[in-house]
Amino acid sequence: MSEKALRDLNTIPGTERKNEDSSKACLTKPSIDNAAENIEDRQKKKNCSSLVMPVVNGNLAVTANSGVEIGNAEVEYIESENLNDLEDIDTCLKTLLAGLDSKDWVMVCESLNNVRRLSIFHKEAMLHMLGDVITSIAKSLKSPRSAVCKTAIMTSADIFSAYNDLIIDSLDPLLVQLLLKASQDKRFVCEAAERALISMTTWISPISLLPKLQPYLKNRNPRIRAKASMCFSRSVPQLGAEGIKTYGIEKLIQVAASQLSDQLPESREAARTLLLELQNAYEKFHDLMAATVNEHPVNEHPVSEHIVNDHSVNEHSVNEDPVNEHPEMSSWESFCLSKLSPLSAQAVLRVTSIAREGLVS
């Protein structure tokens, strides 16, 4: 190429030269030096980001991992049995609430794990501040950062296990958030919330828990209704047959019947499970009452002759059927028909009869 041509090429505007270069991109090779430099830069960034968050107290390992979750962080979640005891309880208690309300999400996770340790190893020490701690846990349950949210869910499960009915007055903010988290699509958060709800129904007495759950059975969100129905169904059997009678089997059967027509199959399945439990409890109580009546017949006392000869007394009144004198001894079918609307009673009887036939066959 002549010197004149080279001078002309150098005078071409930058934009035109860029277009010309792009049109020949398929014919040019990338610079080896530039490629090596880009790889080196990326490696440096990766190494730097991996040092951003160190291991916290040996329990929360945080390393960078782009694309994993908000904040580009990957957290190691410690199971309850693997948590270590605290070295300085007094200092932990003094800084606990401040740590739970911190804007540093790693500190929040560390504080939540400290709540778990206190619940497991020193639950009496935290009892005086339990209400404030639960308020902060509920706040963490709302966090958009998955690491904080899941750690708060695991903390809730440990709180239920440690304090049982002592938290019943503070349960509502935890309950609504756990039902929401168990209803969402993010799998690892959803599964953790399910386990926390199971812990709740295991450790909190049904007498205290069922009234808290009942409003959520009518929630506008069908997924929340389904999770509440499952909790309700798991809690009732812990009452036992006598406890079910004391709580009010008629109230429980009405709740179960209303869930049979729910939108989601989880609600309907929970209702079917609950109805079978109620039927078994009813029949156990029925058998107990029948045995009691047989041991102490209604007409065991002699009837005076003038009463027998009195035509105003119906001839069947003396030997009246004990079942009629004890309405609770009537059949399951009669009970359902007396406590439910005809359509609801038919649905309940269909469910319980099909299940019974399946067991017999």
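**View 1. The whole chain at a glance.** The chain's secondary structure comes to 19 helices and two strands, both taken as DSSP runs numbered from the N terminus (helices H or I with at least four residues, strands E with at least two). This is a predicted model, where local features need pLDDT of at least 70 and side-chain atom pairs count only at pLDDT 80 or more, while totals for chains, interfaces and linings use all residues. Residues are numbered from 1 along each chain as its sequence is written, and side-chain values use heavy atoms, with hydrogens and water left out. Of the 361 residues, 37% count as buried (under 20% relative accessible area, 1.4 Å probe, protein chains only). Looking at contacts (heavy atoms within 4.5 Å) with a separation of 6 or more, 67% come from residues 24 or more positions apart.

**View 2. Where H9 packs on H12.** Helix H9 (residues 171-182) and helix H12 (residues 222-235) pack at about 110°, with axes 9 Å apart; the axes are lines fitted to C-alpha atoms over the stretch in contact, and angles run from 0 to 180 degrees between N-to-C directions. That makes H9 roughly perpendicular to H12 (65 to 115 degrees). On the H9 side, Leu179, Leu180 and Ala182 meet Ile224, Lys227 and Ala228 of H12. Those contact residues split into five nonpolar, no polar and one charged, with Ala, Leu and Ile counted as nonpolar and Lys as charged.

**View 3. A look at two cysteines.** Cys109 sits at 0% relative accessibility, so it counts as buried. Cys149 is buried too, at 4% relative accessible area. The disulfide count is zero, taking a disulfide as a pair of cysteine sulfur atoms within 2.5 Å.

Technical notes. Angles under 35 degrees count as roughly parallel, over 145 as roughly antiparallel, 65 to 115 as roughly perpendicular and the rest as oblique. Buried means under 20% relative accessible area, exposed over 50%, partly exposed in between (1.4 Å probe, protein chains only).
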